[in-house]
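This briefing concerns strand pairing and the contacts of aromatic rings. Please consult the sequence and structure shown here before reading the notes that follow.

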Amino acid sequence: MTGGSGTGQVAVIGAGMHPWGKWGKPFVAYAVAAAKAALGDAGVDWSDVDFIAGGETVRNGYGGYVAGSTIARSLGWNGARVATCYAACASGSAAVEAARTRILAGLSNVALVIGADTTPKGFLAPNAGDRWDDPDWLRFRLIGATNPAYFGLYARRRIDLYGASPADFAAVKVKNSKHGLHNPFARYRKEVAAEDVMASPVVADPLRLLDICATSDGAAAVVLASAEFANRLGVRDSVRIRAVSTVTPTFPNTIVDLPDIATDSAASVAPPAIGYRESIAAAAYEESGIGPEDLSLAEVYDLSTALELDWYEDIGLCARGEGEKLLHEGVTSIGGRVPVNPSGGLACFGEAVPAQAIAQVCEVTWQLRGQAGDRQVANAKVGLTINQGLFGHGSCVILSR
Amino acid sequence: MELAQGRVPVIEGWFTVEPPALLGRRCPACGTYMFPPTGQWCPNPRCGCDDLETVPLSRNGTVWSYTDAQYQPPAPYLPRTDPYEPFAIAAVELEKERMIILGQVADGYGVGDLSVGTRVELVVEPLESDGEAAKLVWRWRPLGEEVDQ
Ligand SMILES: [Zn+2]
C-alpha cells in the first residue's frame, strides 16, 4: 500500500516552465519552451521519451483538445505513446498520474508530462452557445454564479463561522506576494500591502480584486522516469513521487462546489466522515504513509486568499477554523514550520488551467533539490501539492527526496 | 395579458410559479432528493434505482453562505439593467432534503440582510427580459430571522 520503499519508484528527473503572464502567443509555443527546459534539466533527449501526457486546454480549439499530440508534433514526431488529459484545474495531475502508472506498470521508462494554456481577460466563462443541459453554462445563465462567487461563498462562511476577517485574507496575499518576489517564473513580482488588498474593489463579497487570482498564459513540464532509468542516467538523490491522488467525491458530497447549483442530498445516506477536499489529501497520505506532520512545504491552490486558509485545514496543518492563527504565527511563511506557496502561488502566477498542477510539482521539485534560490525552504525533504478540478477531480501529489 | 407574459419560467420543469416551489427528483427506494430535476438515476451508489418521482422541495431553508456579484458576470448571464446592478447569491440548506441549493437573493435584498443561518423562503421573480416577456427564476428571500447552526 505505501509507495515508500523498494522498487516501484517514479522519479522526477526534470522540471521546466515558461514564465506566466499575458504574452499573446499560441499555447504550443509555451509548451515547447517548458518541454525543452524540462528535458534539458533532465539531460534526456526528446527522442528517448517513450510517453507524453498533455493537459488539455479548452480555449485553443482542436489543437488544445488534443494537447498531447499537438505538443509531440511541435517537438517532432518521435513515435512516443500519447495521452491527453482533461480534468479542469486538475488536468496536470491527471497527466502526472497517467505517466506514473504507465511507468509503474513497466510499460514506459521515461515520460514527458506537460500543460500549457492561454486565457482570455476577465472571468473564465463556459463554452458558447445555448447549452441548457450544461451545468457550467446554467450556473451563469440562471444564477450569475461566476468562479469568484463560489470563492466568495467559502470566504463568507469562514467569516461567519470562525470570525475570520478581510484583513486575515489580505495577509495571505501579503505573504504570497513576498514569496513570489523571488520567483523568475511568476507573473507578479511586487510586494503587496494589506491596505492595497483592502482598497481594491469588491468582486464577490467579501473578496476583493486582489484576493482573487488572475488568469494567465503559462506552461509547466516535468520529466518522469523509472528508478532504473534515473540510475542509468546517473541521477543521484532524485525527487520521488510518493503518491498521486485523483479521487472523486464520495456520495453524498454536501459542500457547494463548482459548477453545481446544488449539493447531493444527505437525506438517505449520512455524509462521509471527511469532506471532499479533505479526502483528496487523505488519499495521498494513505498511499504514501506520509502525514501532514512530515511536510516541509506545500503548494496549495489559492484561487482566493480565503481558500488558502481552507486548504491549511483540508491538508491537516491545523484544526478547522484555525487557519488564520497558523498564518499569523508565521508557520506558513518561508522560515516557518511548513511554508505554504513558497512559489508565490496563484496570487503571483495567476491561473493557467492545465499547467497549474504541473507547475506546483515543478516548484516542489526545485525546493526538494535545494534549487529554489531566494525562496528556498531550508532543508526541504517532503512536499505536497494540492488542487481541485471542477466536476469532481481531486489533485494531490506528494514528493520526497 | 401583460401578467401572463411576465410569468414564464426561464427553464421549464425546474420550478412552479403558483405556489413558488422548486421541483426536485426523489428516489422512492432510498429517499434521496435531487436538484435540478434532470437526473435519471438515483445518485446513491448503493441504490441505482431509475424510477424517480418529481416532487416539490421545501420552500424554506437556512443560509449556508452568501456572496454577491459586484462585477457583471459574462455571457450567458443576461443583465437586466443597463448600467449593470449588482445582486446577491445565497446557498441555502433545506432541512428535510438535507441539501444546499444556490439561488439569487430576492430583489431589494443584499448581503447586508444575510448571515450564515438566516432563514429564507423561495420566491419567483423576473430574471431577464427580452423586451416582451420577462423570464422568471427562483430566488431566496430573507425572512429576517436567525436560527442557531
Ligand atoms: Zn435511491
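This is a predicted model: local features need pLDDT of at least 70, side-chain atom pairs count only at pLDDT 80 or more; totals for chains, interfaces and linings use all residues.

Why is strand 7 (residues 87–94) of chain B largely enclosed by the rest of the structure? Seven of the eight residues of this strand are buried, so the strand is largely enclosed.

**Strand 7 of chain B and its partners**

- Strand 6 (residues 60–69) of chain B runs antiparallel to strand 7 of chain B, and seven bridges join the two.
- Within this pairing, B:Ser65 has B:Ala91 of strand 7 as its bridge partner.
- Opposite B:Ala90 stands B:Gly103, a residue of strand 8 of chain B.
- Strands 7 and 8 of chain B form a hairpin with four residues between the strands, where B:Arg98 adopts a positive phi near 50 degrees.

**Aromatic pairs**

- Over all chains, a search of the whole structure finds nine aromatic pairs.
- A:Trp132 and A:Trp137 form an edge-to-face pair, because their planes stand at 65 degrees, over the 60 degrees required; the ring centres are 4.9 Å apart.
- The two residues of this pair fall into separate accessibility classes: A:Trp132 is partly exposed, at a relative accessible area of 32%, whereas A:Trp137 is buried, at 1%.
- B:Tyr77 and B:Phe87 make a stacked pair, with 5.3 Å from centre to centre and 25 degrees between the planes.
- Elsewhere in chain B, ring pairs join B:Trp14, B:Phe15, B:Phe35 and B:Trp138 into a cluster.

**Arginine over aromatic rings**

- In chain A, A:Arg102 is placed over the face of A:Phe51, at 5.4 Å from the ring centre.
- A:Arg277 likewise lies over the face of a ring, that of A:Trp311, at 5.6 Å from its centre.

Technical notes: Residues are numbered from 1 along each chain as its sequence is written. Chains are lettered from A and ligands numbered from 1 in the order in which they are written. Side-chain values use heavy atoms; hydrogens and water are left out. Buried means under 20% relative accessible area, exposed over 50%, partly exposed in between (1.4 Å probe, protein chains only). Two strands pair if DSSP finds at least two bridges between them. Rings of Phe, Tyr and Trp (its six-membered ring) pair if their centres lie within 6.5 Å; planes under 30 degrees apart count as stacked, over 60 as edge-to-face and the rest as tilted. A charge sits over a ring if NZ of Lys or CZ of Arg is within 6 Å of the ring centre and within 35 degrees of the ring normal.
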